[in-house]
Amino acid sequence: MTVCEAPGKVYLFGEHAVVYGEPAVPAAIERRAAVTAEPRSDDHVRVEAEDLSLNGFTVEYSGGTGDHPDVDVPTPLVEAAMGYVDAAVRQARDAADAPDAGFDITVESDIPLGAGLGSSAAVVVAGIDAATRALGEPIDRRELADRAYRAEHEVQDGQASRADTFCSTMGGAVRVEGDDCEPIEAPNLPFVVGFDGGAGDTGELVAGVGELREEYGFAADTVESIGDVVRTGEALLADAVAEGAPGSGSEPTGDAEPPAELLAELGELMDFNHGLLSALGVSARSLDSMVWAARNAGAHGAKLTGAGGGGCIVALDESDATETALSFTQGCEDAFRAELATEGVRVVEP
Ligand code: MEV
């Protein structure tokens, strides 16, 4: 039995635009999906999922086609989760050159499904890592990130960037632009997350942005403007690290906070990024309410994170005010501080 776990993420900047080759900066957070893989003597795959911020489910199938699970959770979410596990198993079989390998898989996750915190990427990354290790064929992180991307790409009908899967594999903050993926140094930012209890359909939302971009030149310009916001944000982060902002690099962060001026500037860019995402039609009333609740509470800035449509926002606030305000905001089901996860995927049981 092999257990691996991988972190979720928030987007500081750049979701959606990253699908069209603009840069993005996601950051891993300390909410993880753990996947257990136990090889079987036949070619079946049995999946048991617990704690997906929903009721769990169990489904057994063979040959890679998921049977319909008998569960009390919204079917599209279960089907989506099954699709990602299926794709992870296919990648692990391919990597280990073991096309008939069967597994008992258990997924335990405290990352809400489809809510913009990278639940699917974390499951795919931890799943491929656990399954290849269970077959005695571990792969290195770059290959793992690449295979996890291919799994997401397949499930999302070819419309996925490398951002979520690379970030979940490597941990920390990363920069992704097309196929170019690198970890970056960043100060330890005071992220606060608000969750509306819902989820968006990533495939549909990504397709919607694609259609707008095709139809209107100004939608294509909006996507490019998001890229400009990201480039400006990246430069701020790089300057802060070069100037030795507290919490930067691999040194222990202690209680030191990044300079207020940096937070104010990053927050302004996050606000801008949220406005551009709204223009592309991927926000929602609940997300806008939480963004405004955070801003009114004094957050430096706030934006939706991930595909949108419902799910989570991320705000920057070193005080407790945003978390408190969000917890009293109608439509916000959960508010929590999200610590940067400096470690990406890790082995819990070899
Ligand atoms: C989803 O978490 C992020 C999107 O940019 C899609 C992707 O990058 O694959 C919307």
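A residue is taken as near a molecule or strand if one of its heavy atoms lies within 4 Å of it. In the predicted model, 13 residues surround the ligand, and the closest are His 16, Val 18, Ala 160, Ser 161 and Asp 164. Because this is a predicted model, local features need pLDDT of at least 70 and side-chain atom pairs count only at pLDDT 80 or more, whereas totals for chains, interfaces and linings use all residues. Residues are numbered from 1 along each chain as its sequence is written, and side-chain values use heavy atoms, with hydrogens and water left out.

Polar contacts are pairs of N or O atoms within 3.5 Å; within protein, one atom must be able to donate a hydrogen and the other to accept it, and residues adjacent in sequence count only if both atoms are side-chain atoms. At His 16, a polar backbone atom is 2.8 Å from an oxygen atom of the ligand. Side chains take part at two further positions: a polar side-chain atom of Ser 161 lies 2.5 Å from a ligand oxygen atom, and one of Asp 164 lies 2.8 Å from an oxygen atom of the ligand. On its own the ligand has 300 Å² of accessible area, of which the protein covers 96%. Accessible areas come from the Shrake-Rupley method with a 1.4 Å probe, and for residues only the protein chains shown count as cover.

The shell around the ligand is made up of 6 nonpolar, 4 polar and 3 charged residues. In this classification Ala, Val, Leu, Ile, Met, Phe, Trp, Tyr, Cys and Pro are nonpolar, Asp, Glu, Lys and Arg are charged, and the others, Gly among them, are polar. The ligand lies between domain 1 (2-184) and domain 2 (191-338), because both give residues to the shell around it. The domain bounds come from an automatic or database domain assignment.

The protein chain has 9 helices and 12 strands; helices (H or I, at least four residues) and strands (E, at least two) are DSSP runs numbered from the N terminus. Of its 350 residues, 54% count as buried, where buried means under 20% relative accessible area, exposed over 50%, and partly exposed in between (1.4 Å probe, protein chains only). The accessible surface of the chain comes to about 14000 Å², with 45% belonging to carbon and sulfur atoms. With contact defined as heavy atoms within 4.5 Å, residues 24 or more positions apart account for 73% of the contacts in the chain with a separation of 6 or more.

His 16 is found in the loop between strand 1 and strand 2. The residue is buried, with a relative accessible area of 6%, and has a positive phi of about 65° although it is not a glycine. A positive phi is also found at Asp 97, near 50°, again in a residue other than glycine. Asp 97 lies in the loop between helix 1 (75-95) and strand 5 (102-109) and counts as exposed, at 67% relative accessibility.

Helix 4 is mostly covered, with 8 of its 8 residues buried. The buried residues include Asp 164, Phe 166 and Thr 169. They pack against strand 1 (2-13), strand 2 (25-40), helix 2 (119-134), helix 3 (141-155), strand 6 (173-177) and strand 7 (180-184). Thr 169, in helix 4 (residues 163-170), has 0% relative accessibility and so counts as buried. Apart from its neighbours within four places in sequence, Thr 169 is in contact with Val 125, Arg 141, Leu 144, Ala 145, Gly 344 and Val 345. Gly 171, with a positive phi near 75°, follows helix 4.

Ala 151 has its place in helix 3 and is buried at 0% relative accessibility. Beyond neighbours within four places in sequence, Ala 151 is in contact with Ala 87, Ala 88, Gln 91 and Val 124. In helix 2, Ser 119 counts as buried at 7% relative accessibility. Its contacts, leaving aside neighbours within four places in sequence, are with Ile 111, Pro 112, Leu 113 and Gly 114.

Arg 40, in strand 2, is partly exposed, with a relative accessible area of 23%. Its side chain makes a polar contact of 2.8 Å with the side chain of Asp 104. Arg 40 and Asp 104 are 64 residues apart in sequence and 6.7 Å apart in space, C-alpha to C-alpha.
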